[in-house]
Amino acid sequence: MAVTQFKNPTCSKTQLYSSQLSFLSKTVPRRHHCTFAPLHRTQHARISCSVAPNQVQVPAAQFQDPKSKPDCYGVFCLTYDLKAEEETKSWKKLINIAVSGAAGMISNHLLFKLASGEVFGPNQPIALKLLGSERSIQALEGVAMELEDSLFPLLREVIISIDPYEVFQDAEWALLIGAKPRGPGIERAALLDINGQIFAEQGQALNAVASRNVKVIVVGNPCNTNALICLKNAPNIPAKNFHALTRLDENRAKCQLALKAGVFYDKVSNMTIWGNHSTTQVPDFLNARIDGLPVKEVIKDHKWLEEEFTEKVQKRGGVLIQKWGRSSAASTSVSIVDAIRSLITPTPKGDWFSTGVYTSGNPYGIAEDIVFSMPCRSKGDGDYELVKDVIFDDYLRQKLAKTEAELLAEKKCVAHLTGEGIAVCELPGDTMLPGEM
């Protein structure tokens, strides 16, 4: 049976322009979107095909309220019964992946990794639901066009929208990348409030329409505090499901240790980034290992570890901006892939990975009710557990106290967004925001 659904020429407040209808952009108001039954292509038609043996029916057109479904894009308006296709019989059930900031540089690298099967595997079909803004919607169409032209077999659907309630509908993974960067004259406290409001709204949308077991990775900075705001606004989703991305910091730390020891990166394991994704973060060389041995036994220059190594990791992003003229994008997308894989692949025995997670019930004595990067292990089911077999010394405890104090101060700045009262913003010093890293 084949069913073709066309939309009446009605208007909604969601702004979604098709490349085939771009000529309307000069005549249709920017805050409205009109969908028309195309003359040459079923650009906004949603076609569902299901093949039954010895049965063919004439397609029947049915009209649908435009508000009942978000718009698809181009070839992705065609959805098929995967069981009817020989090559897809071994495929898993399709999963919905939502990405905010989808027209940005990080997403420009990440989306193609997701669509290719590099992240979730060669037998996992996906739907990409891309969230943009009014300013970025045309760029988002360009992204969709490139995905269309790449002919990824596993990419079965693409939806673009400026409405988080549409994009997060039934999402099983939400990769929250979009955030406002700090510009000239913007105070840290003001930026925390601006981005905090974005993530409060996205948390509410996830709470309303996403899968109850959605996994959320917050990339937009300051990611720890944004993750806290997001989870506080999504009480129906387990707090444990929210992550702040610190995997890039872990990767940077592994690189520096490998260079110093004269080994390749894969020889470095058990690397923990503690705390905030900022210049107060703590790359833990005490528990890390090189070729199975404690780092301090392999690298005898302990002063280098405490000073140069730690500072290099903390300020790596700032140095990159000076060299490159912008913040990291490709390496950030790689670290997002690594973070996802760490949750859907069993952690190698004896190893662990870093991710910013909710601290309630942690075994380390870290303050409750913040999002703090800690060492974790996973069975590959999307869940994780905190690693208990770690050691601490006075140096590590002192560094942890500093990054903890920064996160507690940021939490007070956004109390009005987490339902905890009036914001009182007294940030310790003016350490670089992660967005400047």
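The crossing of α6 and α8 is right-handed; in a right-handed crossing the near helix is turned clockwise from the far one by less than a right angle, and in a left-handed one anticlockwise. The axes of α6 and helix α8 (residues 302-324) come within 9 Å and cross at roughly 135°. Axes are lines fitted to C-alpha atoms, for helices over the stretch in contact, with angles from 0 to 180 degrees between N-to-C directions. The two helices are therefore oblique to each other. Angles under 35 degrees count as roughly parallel, over 145 as roughly antiparallel, 65 to 115 as roughly perpendicular and the rest as oblique.

This is a predicted model: local features need pLDDT of at least 70, side-chain atom pairs count only at pLDDT 80 or more, and totals for chains, interfaces and linings use all residues. Residues are numbered from 1 along each chain as its sequence is written, and side-chain values use heavy atoms, with hydrogens and water left out. Helices (H or I, at least four residues) and strands (E, at least two) are DSSP runs, numbered from the N terminus.

From α6, the contact with α8 takes D249, R252, A253, Q256, L257 and K260. From α8 come W304, L305, F309, K312, V313, R316 and G317. Contact means heavy atoms within 4.5 Å. By class, the contact of α6 with α8 has six nonpolar, two polar and five charged residues. Ala, Val, Leu, Ile, Met, Phe, Trp, Tyr, Cys and Pro count as nonpolar, Asp, Glu, Lys and Arg as charged, and the others, Gly among them, as polar.

The crossing of α4 and α5 is right-handed. L192, N195, G196, F199, A200, Q202, G203 and L206 in α4 meet T225, N226, I229 and C230 in α5. This contact has six nonpolar, six polar and no charged residues.

Helix α9 spans residues 330-344. Its 15 residues should span 21 Å at 1.5 Å a residue, and the end C-alpha atoms are 22 Å apart, which agrees. The expected span is 1.5 Å times one less than the number of residues. Buried residues of α9 include T332, I336, D338 and L343. The buried residues pack against α1 (105-116), β10 (173-176), β11 (215-218), β12 (242-244), α6 (247-261) and β18 (353-358).

I344 also lies in α9. I344 touches V119, F120, W173 and G380, not counting residues up to four places away in sequence. I344 and D381 are 37 residues apart in sequence, yet 5.4 Å apart in space, C-alpha to C-alpha. The C-alpha atoms of V334 and R247, 87 residues apart along the chain, are separated by 9.2 Å.

The table gives relative accessible areas. Buried means under 20%, exposed over 50%, partly exposed in between (1.4 Å probe, protein chains only).

| Residue | Relative accessible area | Class |
|---|---|---|
| I344 | 25% | partly exposed |
| V334 | 35% | partly exposed |
| L151 | 70% | exposed |
| N270 | 5% | buried |

Most residues other than glycine have a negative phi, and most peptide bonds are trans. L151 has phi near 55°, a positive value. L151 lies in the loop between α2 (137-149) and β9 (155-161). Phi of N270 is near 55° and positive; N270 sits in the loop between β13 (268-269) and β14 (272-274). A cis peptide bond joins N221 and P222, with omega about -5°. P222 is found in the loop between β11 and α5.
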